[in-house]
Amino acid sequence: MQTASEIDGKGYVHYKAWQETYTGLVDAEYLQAMTEEKCKEIAHQWIDNVLIAKDGDKVVGFVGYGKYRDDTLTDCGEVYSIYVLADYHGKKIGYSLMNAAFEKLAPYSKIAIWVLKGNEHAIRFYEKYGFRFDGTEQEIMLGTPRTELRMVFNKISD
């Protein structure tokens, strides 16, 4: 069970990672509206199926996971979000979080993740981990329309 302080820390990571990652990729007004307070509010509403990474008492990353959210993929888990503060990139925190989520998603034969088109840092990370694009795209509104690309990790080779 996460403490209130850890949940606040997760909210801060959400806020800070959005500022570090999505500047230039999403509408500036939308990004400004993603305040630290709003992200902390979201964090307190979403406490299940979330794992956090800490450096001492400081939350530096988190991953959210669960069953794939629609019926377009069967026997599939999903990594809903994974964020690590930029100061901690390259320190294997993302890999540790992904490994922990994969343990929780062990019953599924495949795992999907959505990535914002143009988020090259995340795409490279997911590809190194073993995710591959499956050709599925969806449009989402982040102030203005943006495209997300689905990547899938197949545990069982076809």
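A disulfide is counted here when a pair of cysteine sulfur atoms lies within 2.5 Å. By that rule the structure holds zero disulfides. This is a predicted model, in which local features need pLDDT of at least 70 and side-chain atom pairs count only at pLDDT 80 or more, while totals for chains, interfaces and linings use all residues. Residues are numbered from 1 along each chain as its sequence is written, and side-chain values use heavy atoms, with hydrogens and water left out.

Next, some accessibility values. Buried means under 20% relative accessible area, exposed means over 50%, and partly exposed lies in between (1.4 Å probe, protein chains only).

| Residue | Relative accessibility | Class |
|---|---|---|
| Cysteine 39 | 0% | buried |
| Cysteine 76 | 2% | buried |
| Glutamine 19 | 24% | partly exposed |

Now to the rings. Rings of Phe, Tyr and Trp (its six-membered ring) pair if their centres lie within 6.5 Å; planes under 30 degrees apart count as stacked, over 60 as edge-to-face and the rest as tilted. How many aromatic pairs does this rule give? The count is 16 aromatic pairs. One of them joins phenylalanine 62 and tyrosine 83, a tilted pair with 5.6 Å centre to centre and 50° between the planes. This pair links distant parts of the chain, since phenylalanine 62 belongs to strand E2 (residues 58-67) and tyrosine 83 to strand E3 (residues 76-84), 21 residues apart. Helices (H or I, at least four residues) and strands (E, at least two) are DSSP runs, numbered from the N terminus. Both phenylalanine 62 and tyrosine 83 are buried. Elsewhere, ring pairs join Tyr95, Phe102, Phe125, Tyr126, Tyr129, Phe131 and Phe153 into a cluster.

Finally, the largest pocket. A pocket is an open set of points on a 1 Å grid over the protein atoms alone, where a 1.4 Å probe fits, with protein on both sides within 12 Å along at least five of seven lines; lining residues have an atom within 4 Å of a point. Grid points are joined across faces, edges and corners, and a volume is the space filled by probe spheres set on the points. The largest pocket has a volume of about 1200 Å³. Of its 48 lining residues, Tyr22, Ser81, Ile82, Tyr83 and Tyr126 are the closest to the centre. Helix H1 gives the largest share of this lining, eight residues.
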